Amino acid sequence: MAVALTRAPSASAGDDTPRTIVSRGSRGDVIFRSILRAAGLSSFAITGLILIFLIYRGWWALRTDGFSFFTKQNWVFVGNEFGIGGILPDTVIIAAIAALVGIPIAVGTAIFISEYAPGRLKRILIAVIDLMAAIPSIIYGVWGRFFLMPRLVGTMSWLSNHLNWFPPFKTTVAYSASTFVGSPAIAGLVVSLMVIPIVTSLSREVFSQAPQGEREGAYALGSTRWGMIRTVVLPFGRGGVIGAAMLGIGRALGETIAVLLIISQAYNLNWHVLQSGGSSVASLIAGSWASADTNQLSALMAAGLTLFALTLVVNSLASIVINRSRSGTATND
Amino acid sequence: MITADRDSGLQPLPDLSGSQDKPLRIRRLTPEDWLSIGGAAVGSLGITWVLYEQVLPFSGGFGFWVCWYLVFLLLYLAVAGLQWSKLVVRDKFMAVLVSSGGIFASAVVIEQIGYSVLKGLPAIRHLNFWTQTMAFAAPLSPLSTGGVLHAAVGSLEQIAIATVLAVPLGMMAALFLTEVGGPMERPVRTIINAMTALPSIVAGLLVYALAVLTLGLPESGFAAALAISVVMLPTVTRASEVVLQVVPGTLREASFALGGSHWRTVWKVILPTARSGLTTAVVLAMARGIGETAPVLLTAGYTNEMNFNAFHGWQATLPTFIINSILVYGQSPKYVARGLGAGLALMLVVLALFSIARVVGGKAPGELTRRQRRRLQRESART
């Protein structure tokens with residue numbers, strides 16, 4: 001690598017300014033670095049392409065329906081009446097259920113792996129969490145549909161009978177065998193299994209970076225192990241855990257196949273989470289894709305654009321939170 | 001003479017007058033701990049059974065275990081409260097609470113594998129499941145005709161194309177983050193982290209809107225592979241970046257000091273050093289890609305017939321076979337059994353890829369296998 005130094009300033013000048021070192025790479029290196037730079041920037045290109053082409057293809061539906069595309073609660077196949085006013089909130093509800101169930105379990109698991117598990121068990125559990133992330137969502141979906149759902153119906157009906165002072169647990173339809181099948185709650189529970197590995201592995205990495213000196217300081221002051229975790233590890237990892245939780249929510253918002261397999265598709269808002277019916281943007285797209293004509297395709301593209309914008313905002317915020325937190329890669333203390 | 005502090009819940013110190021010095025293990029669970037946990041578990045099982053099954057109008061297997069767990073926690077709190085001080089109780093209670101997370105995650109994974117095997121076996125036992133397609137099998141025909149060969153071929157072709165597309169680009173992006181950097185490093189890292197949680201269906205929509213509708217590519221296995229590669233890309237980049245970051249800086253500097261240019265250093269020193277970790281990154285990304293359903297559903301359609309040509313015509317994959325067998329032909333129990341069989345096949349592929357990743361990736365950068373070390377010795381002996 002050719003290194004050219006600027007001329008050293010004359011000693012008489014008096015001020016001590018460091019020399020700037022300019023390294024000019026060979027032609028091969030310049031080409032090499034620009035290729036790498038292009039590859040790095042390709043992620044921007046892909047994100048940009050998604051944005052441009054979904055707007056381009058969804059423009060027809062957005063223009064025809066105007067703002068009512070986001071407020072109307074129906075998805076009628078004849079007459080081109082499209083609105084995600086019911087589907088979008090349902091997507092958020094399913095993601096929220098998944099987050100409420102999954103994130104506490106995930107953070108607990110992360111604490112256990114990084115703080116409690118002895119060496120051998122730790123390695124096994126890390127592998128288990130990686131495997132949990134590697135299992136395809138369709139496997140979770142099939143399991144949720146055929147195994148979990150029949151076993152959950154009894155619990156769901158008990159919740160709606162005895163806890164119906166809590167408005168979301170009410171049911172508005174007549175009681176029948178299928179009242180509690182395919183509800184947002186069941187879909188959310190299955191999606192929570194897909195949130196757990198993401199949040200666990202990210203939080204575990206953050207927890208394990210908590211400085212050893214502070215840990216030992218806490219022990220030296222007479223802390224129990226939980227006391228040490230509460231005062232050292234958790235505050236240290238707070239930013240990372242928040243970021244991880246947001247990435248998990250982003251994953252839950254976009255989950256397609258498991259929701260499609262479990263939920264009974266309905267296009268109006270169903271915030272009675274125990275009751276059958278509901279939808280999510282992703283499962284709407286996958287479910288009505290095969291039968292869509294040009295107009296519906298445009299509406300589905302517009303729905304996909306909404307989902308993409310939503311997850312991009314959530315995920316980017318999460319990513320920024322992780323980078324900015326004390327435990328992020330950019331800081332070292 | 002040291003006496004155990006009854007309140008502290010810690011082990012009594014051993015008699016130190018003996019000849020040999022043994023390290024004191026302070027974190028081992030004492031018999032009291034085991035008895036407290038076991039007693040609470042058994043006791044709560046009894047209470048829950050009586051209340052849940054006999055007294056109160058509950059039903060459903062799931063609710064039973066949730067109730068059992070809650071009663072267990074309360075009972076353990078009570079048992080611990082009788083023995084130890086408040087501080088110790090809180091410490092031990094949190095240990096139990098937190099470790100149940102690990103047990104839960106392991107139970108879920110075992111459950112998924114066990115369920116797939118159990119439900120998949122009836123279909124997968126038949127040899128024709130692996131050697132035939134569904135072209136001549138009607139929805140109601142028995143499990144001894146028809147199979148998933150066409151879907152397996154589609155899956156393999158698409159994952160091969162997607163890997164060829166995603167791995168070089170993803171690794172170069174990772175090299176950009178670790179080797180080049182500069183003002184764009186942080187935004188790129190942010191967007192790649194955000195892309196790891198990108199809904200996979202959006203990748204399918206992109207390929208459909210861009211390649212199929214605008215560029216006129218037919219709906220085919222290749223279009224699906226493009227979508228899968230978009231999903232795999234951030235996974236490859238993130239996993240590779242982690243590996244490349246731990247390559248020792250001294251190796252890089254040694255190469256520079258010997259006059260190596262930047263790209264030769266990367267090609268001859270950094271990449272070979274990180275080889276095992278990079279292989280893991282690739283294999284894990286393949287495991288992620290082969291299970292993708294939604295983007296394939298959008299871009300490759302579905303067919304019951306064999307299609308070797310990934311560039312023309314619809315192509316089935318294992319995940320789309322499963323989803324079709326349940327949502328389209330779900331009325332036929334035979335077809336659902338086939339879908340569950342395909343689920344087991346998919347699970348086996350994922351498990352195989354995962355095991356490969358574990359075996360290959362267990363080594364730190366620069367750590368050599370026995371054969372590599374022997375070859376190195378041979379080469380250095382020759383000179």
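This is a predicted model: local features need pLDDT of at least 70, side-chain atom pairs count only at pLDDT 80 or more; totals for chains, interfaces and linings use all residues.

Residues are numbered from 1 along each chain as its sequence is written, chains are lettered from A and ligands numbered from 1 in the order in which they are written, and side-chain values use heavy atoms, with hydrogens and water left out.

**Where the two chains meet**

- On the chain A side, 87 residues are in contact with 84 residues of chain B; contact means heavy atoms within 4.5 Å.
- The size of an interface is often given as the accessible area lost when the parts come together.
- Here the buried area between chain A and chain B is about 7800 Å², and carbon and sulfur atoms give 77% of that. Buried area is the accessible area (1.4 Å probe) that two parts lose on being put together, summed over both.
- A:Leu36, A:Trp226 and A:Trp289 supply 8% of the area that chain A buries against chain B, more than any other three residues.
- The rule finds one salt bridge across this interface; a salt bridge is a side-chain nitrogen of Lys or Arg within 4 Å of a carboxyl oxygen of Asp or Glu.
- B:Arg358 and A:Asp130 meet through their side chains in a salt bridge, at 2.7 Å from N to O.
- There are also 14 residue pairs in polar contact between chain A and chain B, counting pairs with both at pLDDT 80 or more. A polar contact is a pair of N or O atoms within 3.5 Å; within protein, one must be able to donate a hydrogen and the other to accept it, and residues adjacent in sequence count only if both atoms are side-chain atoms.
- Helix α1 (residues 27–65) of chain A brings 21 residues to the side that touches chain B, the largest share. Helices (H or I, at least four residues) and strands (E, at least two) are DSSP runs, numbered from the N terminus.
- That side of chain A divides into 57 nonpolar, 20 polar and ten charged residues. Ala, Val, Leu, Ile, Met, Phe, Trp, Tyr, Cys and Pro count as nonpolar, Asp, Glu, Lys and Arg as charged, and the others, Gly among them, as polar.

**Chain B and its helix α6**

- Chain B has 15 helices and zero strands.
- Of its 383 residues, 48% count as buried. Buried means under 20% relative accessible area, exposed over 50%, and partly exposed in between (1.4 Å probe, protein chains only).
- How many residues of α6(B) are buried? Nine of its twelve residues are, so this helix is mostly covered.
- The buried residues of α6(B) include B:Val188, B:Ile191 and B:Met195.
- They pack against α1, α7 (225–254) and α10 (294–324) of chain A, together with α5 (149–180), α8 (221–245) and α11 (275–290) of chain B.

- A:Phe308 sits in helix α10 of chain A, and it counts as buried because its relative accessibility is 1%.
- A:Phe308 and A:Ile50 are 258 residues apart in sequence but 8.4 Å apart in space, C-alpha to C-alpha.
- Leaving aside neighbours within four places in sequence, A:Phe308 is in contact with residues of both chains, among them A:Thr47 and B:Leu198.
- A:Ser137 lies in helix α4 (residues 137–162) of chain A, and it counts as buried at 14% relative accessibility.
- The side chains of A:Ser137 and A:Glu255 are joined by a polar contact of 3.4 Å.

**Salt bridges**

- Side chains of opposite charge can pair when their charged atoms come close.
- Over all chains, the count comes to eight salt bridges.
- A:Glu255 also meets A:Arg251 in a salt bridge (2.8 Å, N to O), and A:Glu255 is buried, with a relative accessible area of 4%.
- A:Glu115 pairs with A:Arg215, with the closest N and O atoms 2.7 Å apart.
- This pair links distant parts of the chain, with A:Glu115 in helix α2 (residues 87–116) and A:Arg215 in helix α6 (residues 212–220) of chain A, 100 residues apart.
- Both A:Glu115 and A:Arg215 are buried.
- In chain B, a network of salt bridges links B:Glu185, B:Arg189 and B:Glu241.
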